[in-house]
Amino acid sequence: MDTSSPVIKCIASPGARLPSYQTSGSAGADIYAFVDTDVVIPAGEYRLVPTGIKMEIPSGYEVQIRPRSGLAAKYGVTCLNAPGTIDSDYRGEIKVLLINHGKAPFTVRRGERIAQMVAVPVVQAQLLVADSLSETGRGEGGFGSTGNT
């Protein structure tokens, strides 16, 4: 392990799996479902899925919860608020908000990989009230203003 990597302390409920990296080059550690009974997500609906994990994230970092590409490609299941942010001062259980964009119900079983987490450095900006903003070539152009694609 790189010694410059942040240390994230984890507490797992009995029987819950800690997040884990699947390869040495993985950016995200897989997060596992920790459910007492199977959770069925009907097509077009969403469910909050517990993981049984609590974390202590160091100050200056967040953990982002991101979808797993395999679930999206095979079943149309993804994270509803991707990426979800877990702040460094949160100490509750990590839960993943999954949505089923597929055509069939999707069943979440205990121990299944449901998302991935990525530790990311963050800074808090200083927010100042101003009378005006600098001019740019884009100006107030919004969605799609920089091109057709």
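R66 stands opposite Q116 in β10, and that pair is a handy way into this predicted model. The strand that faces R66 across this pair, β10, joins β5 through six antiparallel bridges and β2 through four antiparallel bridges. As a whole, the chain holds one helix and 10 strands.

- Four strands make up an open sheet in the order β2-β10-β5-β7, and their pairing is antiparallel.
- The edges of this sheet are held by β2 (29–32) and β7 (84–86); each has a single partner strand, so one side of each is left without a neighbour in the sheet.
- From one strand to the next, the twist averages 35 degrees.
- As a reminder, strands of a sheet pair through backbone hydrogen bonds, and they can do so in parallel or antiparallel fashion.
- On one side of β10 (residues 113–121), four bridges tie this strand to β2.
- Within that pairing, I31 stands opposite A115, while Y32 has R113 as its bridge partner in β10.
- Strand β5 (residues 61–66) is joined to β10 by six bridges, and R66 with its opposite residue Q116 belongs to these two strands.

**Side chains of β2**

- In a regular strand, side chains alternate between the two faces of the sheet.
- Which residues of β2 point one way, and which the other? A29 and I31 share one direction, whereas D30 and Y32 point the other way.
- All four of these residues are buried, although β2 stands at an edge of the sheet.

**The largest pocket**

- Rolling a probe the size of a water molecule over the atoms shows where empty space is left.
- What classes of residue line the largest pocket? The lining has 13 nonpolar and three polar residues, and no charged ones.

**The chain as a whole**

- Read from the N terminus, the elements follow the pattern β-β-β-β-β-α-β-β-β-β-β.
- The chain has a radius of gyration of 19 Å, well over the 15 Å that the globule rule gives for 149 residues, so the chain is more spread out than a compact globule.
- Taken along the principal axes, the box filled by the C-alpha atoms is roughly 55 × 45 × 30 Å.
- Of the 149 residues in the chain, 30% are buried.

**Two residues to look up**

- F106 sits in strand β9 (residues 106–108). Is F106 buried or exposed? Its relative accessible area is 9%, which is under the 20% cut-off, so F106 counts as buried.
- In sequence, F106 and P42 are 64 residues apart, yet their C-alpha atoms are 6.4 Å apart in space.
- G70 belongs to helix α1 (residues 69–75). With a relative accessible area of 25%, G70 falls between the 20% and 50% cut-offs and is therefore partly exposed.
- From G70 to T37 there are 33 residues in sequence, and the two C-alpha atoms are 23 Å apart in space.

Conventions. Residues numbered from 1 in each chain as written. Predicted model: local features only at pLDDT ≥ 70, side-chain atom pairs only at ≥ 80, totals over all residues. Heavy atoms only, no water. Pairing = 2+ DSSP bridges. Axes fitted to C-alpha atoms, helices over the stretch in contact; angles between N-to-C directions. Nonpolar A, V, L, I, M, F, W, Y, C, P; charged D, E, K, R; others polar. Rg over C-alpha atoms; globule rule 2.2 N^0.38 Å. Buried < 20%, exposed > 50% of the residue type's maximum accessible area, 1.4 Å probe, protein only.
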